[in-house]
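Dear colleague,

Please find below the structure that I am handing over to you. My notes on what was found in it follow directly after.

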Amino acid sequence: HEFLVDREHLSSLTVPDIASVPISIEQYAAELHKMTSDQLEAIAKPESLDDDQKDLMALHCKMNHLPFPAMIKLAESGRINKRLAKLKNRLPVCMSCVFGR
C-alpha cells in the first residue's frame, strides 16, 4: 500500500478515513469532488423526515451506521420494528455516511 504521512496521521491512500466527517464549509468544499450528483442533490435540497424516517435514522446512528438496506432486512424479519420495513423506497440520507465514503 502507498501511504500518506503527515505529522499526526498515517493512512492508506486507497482506504478512506470514515472517522473524518466534514463540519466546516471548507471541509465540505474539499469533499465535493468525491460525491455523486445524487449525493450533492440530497445536500442541496434536504427533505424533512417523517416520524418513521426519524426513528429509522436514530436507530441507524445507534447501530453504528448500519447500511439502510440491512436495516430494512432486519425490519422485514422482525428483528427491529416491522413498521420500518415500509421505508424501503423512502430511505433517509445520512450525511455522515455520505461523507464517510
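His65 counts as partly exposed, at 29% relative accessibility; here buried means under 20% relative accessible area, exposed over 50%, and partly exposed in between, with a 1.4 Å probe and protein chains only. This is a predicted model, in which local features need pLDDT of at least 70 and side-chain atom pairs count only at pLDDT 80 or more, while totals for chains, interfaces and linings use all residues. Residues are numbered from 1 along each chain as its sequence is written, and side-chain values use heavy atoms, with hydrogens and water left out.

His65 lies in the loop between α3 and α4, where helices (H or I, at least four residues) and strands (E, at least two) are DSSP runs numbered from the N terminus. The phi of His65 is near 60°, a positive value in a residue other than glycine. Asn64 is also found in the loop between α3 and α4, and its phi is positive too, at about 55°, although Asn64 is not a glycine. Most residues other than glycine have a negative phi. With a relative accessibility of 68%, Asn64 counts as exposed.

Overall architecture

The protein chain has 5 helices and 2 strands, and along the sequence they follow the pattern β-β-α-α-α-α-α. Of its 101 residues, 24% count as buried. Contact means heavy atoms within 4.5 Å. Among contacts between residues at least 6 apart in sequence, 49% join residues at least 24 apart.

Helix α3

Helix α3 covers residues 51–62, 12 residues in all, and reaches 17 Å from its first C-alpha to its last. That is close to the 16 Å expected at 1.5 Å a residue, the expected span being 1.5 Å times one less than the number of residues.

Which residues of α3 are buried? They are Asp52, Gln53, Leu56, Met57 and His60. Seen down the axis of α3, these buried residues fall within an arc of 135°, so they line one face of the helix; the arc is that of the directions from the helix axis to the C-beta atoms. The cover over them includes α4 (68–76) and α5 (95–100). On the face turned away from the buried side, α3 carries the exposed residues Asp51 and Lys62.

At the N-terminal end, α3 is capped by Asp50, which has a side-chain oxygen 3.1 Å from the backbone nitrogen of Asp52.

Asp52 itself, within helix α3, is buried, with a relative accessible area of 14%. The side chains of Asp52 and Arg83 are joined by a polar contact of 2.5 Å. A polar contact is a pair of N or O atoms within 3.5 Å; within protein, one must be able to donate a hydrogen and the other to accept it, and residues adjacent in sequence count only if both atoms are side-chain atoms. Leaving aside neighbours within four places in sequence, Asp52 is in contact with Arg83, Leu84, Lys86 and Leu87.

The nonpolar core

A nonpolar core is a set of buried Ala, Val, Leu, Ile, Met, Phe, Trp, Tyr and Cys residues joined through side-chain atoms within 4.5 Å. The largest one has 12 residues: Leu56, Met57, Phe68, Met71, Ile72, Leu74, Ala75, Ile80, Leu84, Ala85, Leu87 and Cys94. The elements giving two or more residues to this core are α3 and α4, and α4 gives the most, with 5 residues. In soluble globular proteins, nonpolar side chains tend to be buried together.

Ile80, a member of this core, is found in the loop between α4 and α5. Its relative accessibility is 14%, and Ile80 therefore counts as buried. Not counting residues up to four places away in sequence, Ile80 touches Leu59, Met71, Leu74 and Ala75. Ile80 and Leu56 are 24 residues apart in sequence and 9.9 Å apart in space, C-alpha to C-alpha.

Cysteines

With a disulfide taken as a pair of cysteine sulfur atoms within 2.5 Å, the count comes to 0 disulfides. Cys61 is in no disulfide, and the nearest cysteine sulfur, that of Cys94, is 5.3 Å away. Cys61 is partly exposed, with a relative accessible area of 39%. Cys97 is likewise in no disulfide; the nearest cysteine sulfur is that of Cys94, at 3.6 Å. Leaving aside neighbours within four places in sequence, Cys94 is in contact with Met57, His60, His65 and Phe68.

With kind regards
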